[in-house]
Amino acid sequence: MYPPHLLIPMREDLTSVGFEELTTADDVVNTMENAEGTTLVVVNSVCGCAAGAARPGVKAALAASPVKPDKMVTVFAGGDLEATAKMREYFLPYPPSSPAIGIFKDGDLVHFIERHHIEGRSAQMIAQHLEMALEEFCTPANA
């Protein structure tokens, strides 16, 4: 587990654009069991691919997409161990992955971007991938 003070800027990278942090297993269960509409989940991480591709890609996709998820949440691998472990149960059958990005619709996983889809790709590539997924699974704001 990483020292909490080192994770603050990495957490704020997502919370500053509207993500809610889920820091306990109970937070995850309450959010996921009561999910309605679309929920964007980011498993945050300290790794370089999270800093260089995942977080910037997520932020760029949200800025560019005409459609938005109803809810945006994040757990921090290496920071919030119980919350991350519990969230990974909702990602099954996919193996643990961080960083990772999931889209849920009414509590069901409908799209998942694993670490191997993030590593070696640019933030722009992640943004384009996520933007297409948001357009496929999220309802336009004016609909």
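1. Strand E2 (residues 38-44) is mostly covered: seven of its seven residues are buried. Buried means under 20% relative accessible area, exposed means over 50%, and partly exposed lies in between (1.4 Å probe, protein chains only). Strands (E, at least two residues) and helices (H or I, at least four) are DSSP runs, numbered from the N terminus. Please note that this is a predicted model, in which local features need pLDDT of at least 70 and side-chain atom pairs count only at pLDDT 80 or more, while totals for chains, interfaces and linings use all residues. Residues are numbered from 1 along each chain as its sequence is written, and side-chain values use heavy atoms, with hydrogens and water left out.

2. Thr38, Leu40, Val42 and Asn44 point one way. Thr39, Val41 and Val43 point the other way. Residues of both sets are buried. In a regular strand the side chains alternate between the two faces of the sheet.

3. Which strands pair with E2? E4 does, in the antiparallel sense, over six bridges. Strand E3 (residues 71-76) does too, in the parallel sense, over six bridges. Two strands pair if DSSP finds at least two bridges between them. On the E4 side, Thr39 has Phe104 as its bridge partner. On the E3 side, Leu40 stands opposite Met72.

4. Now follow the chain out of E2. E2, H3 and E3 make a right-handed β-α-β unit. Right-handed has a plain test: with the strands pointing away from the viewer, the path from the first strand over the helix to the second runs clockwise.

5. Step back to the whole chain. It has six helices and five strands. From the N terminus on, the order is α-β-α-β-α-β-α-β-β-α-α. The C-alpha atoms fill a box of roughly 45 × 35 × 30 Å, taken along the principal axes. For 143 residues, a compact globule would have a radius of gyration near 15 Å; this chain has 14 Å, which agrees. That radius is taken over C-alpha atoms, and the globule rule is 2.2 Å times the number of residues to the power 0.38. Buried residues make up 48% of the 143.

6. Contacts reach along the sequence. Contact means heavy atoms within 4.5 Å. Take the contacts between residues at least 6 apart in sequence: 73% of them join residues at least 24 apart. Lys59, in helix H3, is a case to inspect. Leaving aside neighbours within four places in sequence, Lys59 is in contact with Asp13 and Val17. The C-alpha atoms of Lys59 and Ala127 are separated by 7.7 Å, although the two residues are 68 apart along the chain. At 27% relative accessibility, Lys59 counts as partly exposed.

7. How many salt bridges does the structure hold? There are seven. A salt bridge is a side-chain nitrogen of Lys or Arg within 4 Å of a carboxyl oxygen of Asp or Glu. One of them joins Asp13 and Arg55, with the closest N and O atoms 3.0 Å apart. This pair links distant parts of the chain: Asp13 is in helix H1 (residues 4-15), Arg55 is in helix H3 (residues 48-64), and they are 42 residues apart. Arg55 is buried, at 5% relative accessibility.

8. Compare that with a local pair. Glu89 and Lys86 form a salt bridge, closest N and O atoms 3.0 Å apart. They sit three residues apart in helix H4, so about one helical turn separates them. Glu89 is partly exposed at 45%, and Lys86 is partly exposed at 23%. Glu119 and Arg115 form another salt bridge, at 3.1 Å between the closest N and O atoms. Glu119 is partly exposed at 40%; Arg115 is partly exposed at 28%. Arg11, Glu21 and Asp80 are linked in a network of salt bridges.

9. Last, the rings. The structure holds three aromatic pairs. Rings of Phe, Tyr and Trp (its six-membered ring) pair if their centres lie within 6.5 Å; planes under 30 degrees apart count as stacked, over 60 as edge-to-face and the rest as tilted. Tyr94 and Phe112 form a tilted pair, 4.7 Å centre to centre with 40 degrees between the planes. Tyr94 lies in the loop between helix H4 (81-90) and strand E4 (100-105), and Phe112 lies in strand E5 (residues 108-113), so the pair ties together parts 18 residues apart in sequence. Tyr94 is partly exposed at 32%, whereas Phe112 is buried at 7%. Phe91, Tyr94, Phe104 and Phe112 form one aromatic cluster.
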